[in-house]
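Welcome! Here is a short briefing to read alongside the sequence and the 3D view.

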Amino acid sequence: MKTKKIPLRMCLGCGEMLPKRELIRVVKSSEGEISLDVTGKKPGRGAYVCKKSECFAKMRKSRRLESKLAGAIPPEVYEKLEEELQQYE
């Protein structure tokens, strides 16, 4: 019996390749709206971050999310992401 392939994505904070289900996705829609995608199925360009506060801090300090999604990130997105991360700690 074949084993199912697990999709891997890179965390913007630590750079580790992890299963997609273990990461939080931030998505930029075709209209340019940036939001959190907890389901992992929204259409658009996605970027991933671990569920660790250290990775979030690294990503925010180095502005990797802005470069990955090619634009300024509203503060509300960072606030929602912080709230989401606090649920996992």
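Helices (H or I, at least four residues) and strands (E, at least two) are DSSP runs, numbered from the N terminus. A70 has its place in the loop between α2 and α3. This is a predicted model, in which local features need pLDDT of at least 70, side-chain atom pairs count only at pLDDT 80 or more, and totals for chains, interfaces and linings use all residues. Residues are numbered from 1 along each chain as its sequence is written, and side-chain values use heavy atoms, with hydrogens and water left out.

**The chain as a whole**

- There are 3 helices and 5 strands in the chain, and from the N terminus on they follow the order β-β-β-β-β-α-α-α.
- The chain has a radius of gyration of 13 Å, close to the 12 Å that the globule rule gives for 89 residues, so it is as compact as a globular protein of that length. The radius is taken over C-alpha atoms, and the globule rule is 2.2 Å times the number of residues to the power 0.38.
- Along the principal axes of the chain, the C-alpha trace spans about 45 × 30 × 20 Å.
- Of the 89 residues, 36% count as buried (buried means under 20% relative accessible area, exposed over 50%, partly exposed in between, with a 1.4 Å probe and protein chains only).
- Among contacts between residues at least 6 apart in sequence, 46% join residues at least 24 apart; contact means heavy atoms within 4.5 Å.

**How α1 and α3 pack**

- Two packed helices are described by the angle between their axes and the distance between the axes.
- For helix α1 (residues 53-62) and helix α3 (residues 75-88), the axes come within 11 Å and cross at roughly 165°. Axes are lines fitted to C-alpha atoms, for helices over the stretch in contact, and angles run from 0 to 180 degrees between N-to-C directions.
- α1 and α3 are therefore roughly antiparallel to each other (under 35 degrees counts as roughly parallel, over 145 as roughly antiparallel, 65 to 115 as roughly perpendicular and the rest as oblique).
- Where do the two helices touch? F56, M59 and R60 in α1 meet Y78, L81, E82 and L85 in α3.
- By class, this contact of α1 with α3 has 5 nonpolar, no polar and 2 charged residues. Here Ala, Val, Leu, Ile, Met, Phe, Trp, Tyr, Cys and Pro count as nonpolar, Asp, Glu, Lys and Arg as charged, and the others, Gly among them, as polar.

**Strand β5**

- V49 has its place in strand β5 and is buried, with a relative accessible area of 1%.
- Not counting residues up to four places away in sequence, V49 touches C11, L12, L23, I24, C55, F56, M59 and L81.
- V49 and M10 are 39 residues apart in sequence, and their C-alpha atoms are 7.7 Å apart in space.
- R45 is also found in strand β5 (residues 45-49). Leaving aside neighbours within four places in sequence, R45 is in contact with R25, V26, V27, K28, K68 and L69.

**Exposed residues**

- R63 lies in the loop between α1 and α2 (64-69) and is exposed, with a relative accessible area of 54%. Phi of R63 is near 60°, a positive value in a residue other than glycine.
- Which side of the cut-offs does A70 fall on, buried or exposed? At 61% relative accessibility, A70 counts as exposed, and phi of A70 is near 55°, a positive value in a residue other than glycine.
- Q86, in helix α3, counts as exposed at 60% relative accessibility.
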